[in-house]
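Please have the sequence and the model open side by side. The paragraphs below go through it place by place, from single residues in loops to pairs of packed helices.

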Amino acid sequence: MWKHSQQALALVGRSQRCLLLPSSVSTISSKHPRTFLSTPIPEVAQMDLSINSYADLYNFSIEKPDIFWKAVSGRLDWHQKFITTIQGDFTTGVNWFVGGKLNVSVNCVDRHAKNHPDRVAIIYEKDEPGHHEFITYGQLKELVVKYAHILRTVGNVKKGDRVAFYLPCGPTACAMALACSRIGAVHSIVFAGFSADALASRMNDAGATVVITTDIARRGGKTLKLKKIVDDALEHAPCVKTVLVDARDGDTSRVKLQHPRDHFLQDLMNTSTKNVNDVIEYVDSNDPLFILYTSGSTGKPKGLVHTTGGYLLYAMFTYKNVFDHRDGDIFGCVADIGWITGHSYVLYGPLANGGTTLAFESTPIYPNPGRYWEMVQRLQLTHLYCAPTAIRLLLRFGSEWVQKYDRSSLRVLGSVGEPINHEAWQWFHEVVGEKRCVVRDTWWQTETGGICLTPRPSGPTDPVLPAMPMRAFYGIKPVLMNSAKSEGQEEGALCIEKPWPGLAQSIWGDPARFKEVYFKEFAPYYFSGDGAIKNADGYWRITGRMDDVINVTGHRLGTAEVEDAMDEHEFTSETAVVGYPHEIKGEGIFAFVVLKEGGKDLDRQKMEKELKKLCKERIAGYAIPDYILFHDGLPKTRSGKIMRRILRKIAAGETSPEKLGDISTLADPSVVKSLVKARESLK
């Protein structure tokens, strides 16, 4: 069904570059030129003719958000125009584009399939390099319509029903999510790596009636039996009545189905599109689009609810402007669709703009550390958006793997997931991007729906500084609460003063918890949970979670600052710093260090002295770690984030299973046991 050849990619790339942009993203007329932006904003002329710079436009978005977002909303196709742009505030609750009705799949698929049916929508990069498939917008629409029909007829899914996913990143997950939106259903995608217990708890919380999975998945050369995990989860999730299975092994699949609950998608797809009744459900702008679960510092995971109109517009608008999307781009976000980055910048943002997006199924080091760079060369990616964790991992293997491949197609690099340290940023910029690609270090969260802090867009001569997201995006007004001022900079809790369209509306089934977590501590502002520094030039740098800020002998110290200093050592691959109780200092500093391949045989005592010297030289004497534990790995979630809660317990010696809590959802739970043993060996 789908195209496979390299020749097809070349033809599609050439044809895309010849296609005209939709009118909503066309260049600005000569009557009202606005050349100060890296990406033109056609709607500027509709707002205020006195806007003559990026700063003017940003200030306008803050001061007159109703006019700003009303003008930008024209990029979406509305079935029914909204009456009110924004209603309410953080105290009462916020609704966007009140009275408007639209359909997400129409915006992401139908309008592009109509105008450019042969344009590639999704490039499916399988686990094995060179095994990729191309899905055009015309093919994607056909797939979405068929899946929507199956959900309605076989799954008995109606508007507002919840559908759970346990799928690898690929066209099935993308098309099924769009199929849910086509019929007004709410999808809840669970990363296909969580345990059966974690999957069951999320399905039960959402009240999912259907779950979509596959018989197997392949990642990093390994075969994962996803259907078996779903079967185990369903023993504790009675809400699910129907299971749809994508037979990855096709007719040779040996997975067992439980009739009448289970169905192979391939068997259901035999129906001709001529016999499929295409039902499009136009929903209210504030109806839920999806539920996405994210871990909290305490308690069960939070099912964050993102609504239709505001979220889609924000994902679309941030993608277009932060990444300077142009006709013919091939956007390579390597995040899994099970995380918010995959939702916003693999699926909804690129497709709403009619772009070509990558669905990446593998890992950065399979079958070798050159995987990303070989893929860039083969698929001619123009963008690469990945996590600092992956960058630091690849940095360990040196620059040879990067320089082996042609990366001249790349124009924009992006970092997401956690603060990036200076060494990783420099390597990413200088080696990977050959000093010609601008690095977008982005800060945002599952809750925010899209990027909030980023170096671009901005004025063409405005600087881009290493390892900091720098600037607020349109409509985002960050503030620092309980700010401490010193040497021309401010530091405090990062909050946002005014609503923006991408913000989650609630926690599924628990609106009181939503207000408690995000709007109580620094009411009436949104509290991100992160700390930040605003320097004398007004640029922003993230210091990490607020519980990652420690107090040593009365000095407030961001753990990221200590990590940054130690990461400067030539043999340091990755560090994680936490505080632990100290009877004299109040809090001591405990550092976990992963060495590069070339540093594993070095004298550890010498390395420890050199790292402590770096901390003293780069920060101060009080920043020297009391303990440095060298290890081969760190406890991480499957999205690559370091679980500092666990490291704090290990550093404090609280290593009983009861103290450590549930570690089953880590990418590699065994690393915790190994770290505990190593910790016990320290004096």
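A residue counts as exposed when its relative accessible area is over 50%, and as buried when that area is under 20%. The model is a predicted one. Lys 435 has a relative accessibility of 60% and therefore counts as exposed. This lysine sits in the loop between helix 16 (422–432) and strand 20. Its phi is positive, about 65 degrees, although Lys 435 is not a glycine.

Asp 324 also has a positive phi without being a glycine, here of about 50 degrees. Its loop runs between helix 11 (308–322) and strand 16 (330–333). Is Asp 324 buried or exposed? At 8% relative accessibility, Asp 324 counts as buried. A glycine with a positive phi can be found just after helix 12, where Gly 354 has a value of about 75 degrees. Helix 12 itself, residues 340–352, is mostly covered, with 13 of its 13 residues buried.

Two prolines in loops come next. The peptide bond from Arg 456 to Pro 457 is cis, and its omega is near 10 degrees. Pro 457 belongs to the loop between strand 20 (438–441) and strand 21 (478–486). Ala 523 and Pro 524 are likewise joined by a cis peptide bond, with omega about 5 degrees. Pro 524 is placed in the loop between helix 17 (511–518) and strand 24 (526–534).

Now turn to helix packing. Two packed helices are described by the angle between their axes and the distance between the axes. For helix 5 (residues 104–115) and helix 11, the axes come within 9 Å and cross at roughly 40 degrees. Angles under 35 degrees count as roughly parallel, and helix 5 and helix 11 are therefore oblique to each other. On the side of helix 5, Val 104, Asn 107, Cys 108 and Arg 111 take part, and they meet Thr 308, Leu 312 and Met 316 in helix 11. Sorted by class, this contact of helix 5 with helix 11 has four nonpolar, two polar and one charged residues. An α-helix has 3.6 residues a turn, so residues three or four places apart point the same way.

A second pair is helix 18 and helix 19 (residues 604–618), whose axes come within 8 Å and cross at roughly 120 degrees. That angle makes helix 18 oblique to helix 19. The crossing of helix 18 with helix 19 is right-handed. Val 562, Ala 565 and Met 566 of helix 18 make the contact with Leu 611, Leu 614, Cys 615 and Arg 618 of helix 19. Of the residues in this contact of helix 18 with helix 19, six are nonpolar, none is polar and one is charged. Cys 615 has 0% relative accessibility and so counts as buried.

His 569 lies in the loop between helix 18 (559–566) and strand 28 (572–582). Which residues does His 569 touch, not counting those up to four places away in sequence? They are Glu 423, Met 607, Glu 610, Leu 611 and Leu 614. His 569 is buried, with a relative accessible area of 8%.

Helix 20 contributes Ile 646, Leu 647, Ile 650 and Ala 651 to the contact, and helix 22 contributes Val 672, Leu 675, Val 676 and Arg 679. By class, the contact of helix 20 with helix 22 holds seven nonpolar residues, no polar ones and one charged.

Two points remain. How many disulfides does the structure hold? It holds zero. In the case of Cys 239, the closest cysteine sulfur, in Cys 180, is 15 Å away, which is too far for a bond. Lastly, Asp 197 is found in helix 8 (residues 196–206). Asp 197 is exposed, with a relative accessible area of 58%. Asp 197 and Ala 233 are 36 residues apart in sequence, while their C-alpha atoms are 6.0 Å apart in space.

Technical notes: Residues are numbered from 1 along each chain as its sequence is written. This is a predicted model: local features need pLDDT of at least 70, side-chain atom pairs count only at pLDDT 80 or more; totals for chains, interfaces and linings use all residues. Side-chain values use heavy atoms; hydrogens and water are left out. Contact means heavy atoms within 4.5 Å. Helices (H or I, at least four residues) and strands (E, at least two) are DSSP runs, numbered from the N terminus. Ala, Val, Leu, Ile, Met, Phe, Trp, Tyr, Cys and Pro count as nonpolar, Asp, Glu, Lys and Arg as charged, and the others, Gly among them, as polar. A disulfide is a pair of cysteine sulfur atoms within 2.5 Å. Buried means under 20% relative accessible area, exposed over 50%, partly exposed in between (1.4 Å probe, protein chains only). Axes are lines fitted to C-alpha atoms, for helices over the stretch in contact, and angles run from 0 to 180 degrees between N-to-C directions. Angles under 35 degrees count as roughly parallel, over 145 as roughly antiparallel, 65 to 115 as roughly perpendicular and the rest as oblique. A crossing is left-handed if the near helix is turned anticlockwise from the far one by less than a right angle, and right-handed if clockwise.
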